[in-house]
Amino acid sequence: MTDPAFTAQTYQLLIEIAAPVRVSIGRFGTFDFPAGLYVYTGSALRNFEARVSRHLSPEKKMHWHIDYLLAAPGVRVREVLRHGEAECAVNQRIVGEIPVRGFGASDCRAGCGSHLKRLNEELAAR
């Protein structure tokens, strides 16, 4: 049961990429993503559930880096986790490889490097 005082401000999308995929992310560039399990960390201080629902919807205007990745063939969100802590604090606890520097972190001031991480096979198997 969720604590009624709990207010989510940060979400994590557990993303599965079934096969290697090349994704063009607007002006950010074109990147290759190996197959595997990834975690994207984001936040919304207002309209939190609407933001999460938007990410899960196949019908949306491409706006954030994650929109482009989620629209690629063979990419799906496996699970959504919600946290009451700040985005960068949650992101920095994730151990993983940074596939694209700056992904989802254009406004990051905590030195995260990226808000998308690829989990190693051992962690992904859990």
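Strand β4 is the top contributor to the lining of the largest pocket, giving 3 residues. Keep in mind that this is a predicted model.

**The largest pocket**
- The space inside the largest pocket comes to about 370 Å³.
- Its lining runs to 18 residues, and H63, W64, H65, G104 and S106 sit closest to the centre.
- Sorted by class, the lining is made up of 8 polar, 6 nonpolar and 4 charged residues.

**R54 and its link to D67**
- You'll find R54 in helix α1, which spans residues 48-56.
- R54 has a relative accessible area of 23%, so it counts as partly exposed.
- Setting aside residues up to four places away in sequence, R54 touches K60, K61, H63, W64 and D67.
- With D67, the R54 side chain makes a polar contact, side chain to side chain, at 2.9 Å.
- R54 and D67 are 13 residues apart along the chain, and their C-alpha atoms are separated by 9.1 Å.

**S114**
- S114 sits in the loop that connects α3 (87-92) and β6 (116-118).
- S114 counts as buried because its relative accessibility is 0%, and the cut-off for buried is under 20%.
- Leaving out neighbours within four places in sequence, S114 is in contact with N91, I98, V100, G102, F103 and A105.

Technical notes
Residues numbered from 1 in each chain as written. Predicted model: local features only at pLDDT ≥ 70, side-chain atom pairs only at ≥ 80, totals over all residues. Heavy atoms only, no water. Helix = DSSP H or I, 4+ residues; strand = E, 2+ residues; numbered from the N terminus. Buried < 20%, exposed > 50% of the residue type's maximum accessible area, 1.4 Å probe, protein only. Contact = heavy atoms within 4.5 Å. Polar contact = N/O pair within 3.5 Å; in protein donor to acceptor, adjacent residues only side chain to side chain. 1 Å grid on protein atoms, 1.4 Å probe; cavity = no way out; pocket = protein on both sides within 12 Å on 5 of 7 lines; lining within 4 Å. Points joined across faces, edges and corners; volume = space filled by probe spheres on them. Nonpolar A, V, L, I, M, F, W, Y, C, P; charged D, E, K, R; others polar.
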